[in-house]
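Have the sequence and the 3D view ready as you read.

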Amino acid sequence: MKGEDPAGSYLLVIALDRPCTISVGSLGEHWFPEGTYLYCGSALGGLRARVARHLREEKKPHWHVAHLLARGKAVGAFLVRSEERL
């Protein structure tokens with residue numbers, strides 16, 4: 001149905017073009033080599049809205065993946081509709 005934002009899970013494909021150390025909230029500093037990363041998340045309150053937020057450039061970091069996205073670039077996403085957390 002148009003306008004509906006289904007629940008589901010998603011897989012973000014994130015490219016990091018150079019190695020870096022990233023501060024990840026309370027997890028502290030972590031080293032990330034250059035490469036491609038996958039992040040799996042769930043969005044039971046709205047799949048399209050959650051992925052769109054991850055893809056926006058300007059946002060306050062809310063999830064740990066936001067720290068990686070601040071240094072890398074989302075190059076793809078796979079979406080799976082589901083009422084259950086997968």
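The sections below go from the whole protein to some of its residues.

## Before we start

This is a predicted model, in which local features need pLDDT of at least 70 and side-chain atom pairs count only at pLDDT 80 or more, while totals for chains, interfaces and linings use all residues. Residues are numbered from 1 along each chain as its sequence is written, and side-chain values use heavy atoms, with hydrogens and water left out.

## The overall picture

The protein has two helices and five strands. Here, helices (H or I, at least four residues) and strands (E, at least two) are DSSP runs, numbered from the N terminus. The C-alpha atoms fill a box of roughly 40 × 25 × 25 Å, taken along the principal axes.

Of the 86 residues, 33% are buried. Buried means under 20% relative accessible area, exposed means over 50%, and partly exposed lies in between (1.4 Å probe, protein chains only). The accessible surface comes to about 5,900 Å², and 54% of it belongs to carbon and sulfur atoms. Such areas come from the Shrake-Rupley method with a 1.4 Å probe, and for residues only the protein chains shown count as cover. Among contacts with a separation of 6 or more, 70% are accounted for by residues 24 or more positions apart; contact means heavy atoms within 4.5 Å.

## One side of a helix

Which residues of helix α1 (residues 47-55) are buried? They are Leu47, Val51, Arg53 and His54. These residues lie on the same side of α1, because they cover an arc of only 155° around the axis. The arc is that of the directions from the helix axis to the C-beta atoms. The buried residues of α1 pack against β1 (8-16), β4 (35-43), α2 (65-69) and β5 (73-81).

Asp5 lies in the segment before β1. With a relative accessibility of 29%, Asp5 counts as partly exposed. Although Asp5 and Leu47 are 42 residues apart along the chain, their C-alpha atoms are separated by 6.1 Å. Leaving aside neighbours within four places in sequence, Asp5 is in contact with Gly46, Leu47, Arg48 and Ala49.

The side chain of Asp5 reaches the backbone nitrogen of Leu47 at 3.1 Å, and a polar atom of that side chain lies 3.0 Å from the backbone nitrogen of Ala49. A polar contact is a pair of N or O atoms within 3.5 Å; within protein, one must be able to donate a hydrogen and the other to accept it, and residues adjacent in sequence count only if both atoms are side-chain atoms.

## Two serines

Ser9 is found in strand β1 and is buried, at 5% relative accessibility. A polar atom of the Ser9 side chain lies 3.4 Å from the backbone nitrogen of Leu86. Beyond its neighbours within four places in sequence, Ser9 has contacts that include Gly41, Leu47, Phe78 and Leu86.

Now look at Ser82, in the segment after β5. Ser82 is buried too, at 16% relative accessibility. Its side chain reaches the backbone nitrogen of Glu84 at 3.0 Å. Leaving aside neighbours within four places in sequence, Ser82 is in contact with Ala7, Gly8 and Leu44.

## Aromatic pairs

How many aromatic pairs does the structure hold? There are two. Rings of Phe, Tyr and Trp (its six-membered ring) pair if their centres lie within 6.5 Å; planes under 30 degrees apart count as stacked, over 60 as edge-to-face and the rest as tilted. Tyr10 and Tyr39 form a tilted pair, with 6.3 Å centre to centre and 45° between the planes. This pair links distant parts of the chain: Tyr10 is in strand β1 and Tyr39 in strand β4, 29 residues apart. Tyr10 is buried, with a relative accessible area of 3%, whereas Tyr39 is partly exposed at 23%.

Phe32 and Tyr37 form an edge-to-face pair, 5.8 Å centre to centre with 70° between the planes. Phe32 is buried, with a relative accessible area of 17%.

## Cysteines

A search of the whole structure finds zero disulfides, a disulfide being a pair of cysteine sulfur atoms within 2.5 Å. Cys20 is buried at 7% relative accessibility, while Cys40 is exposed, with a relative accessible area of 52%.
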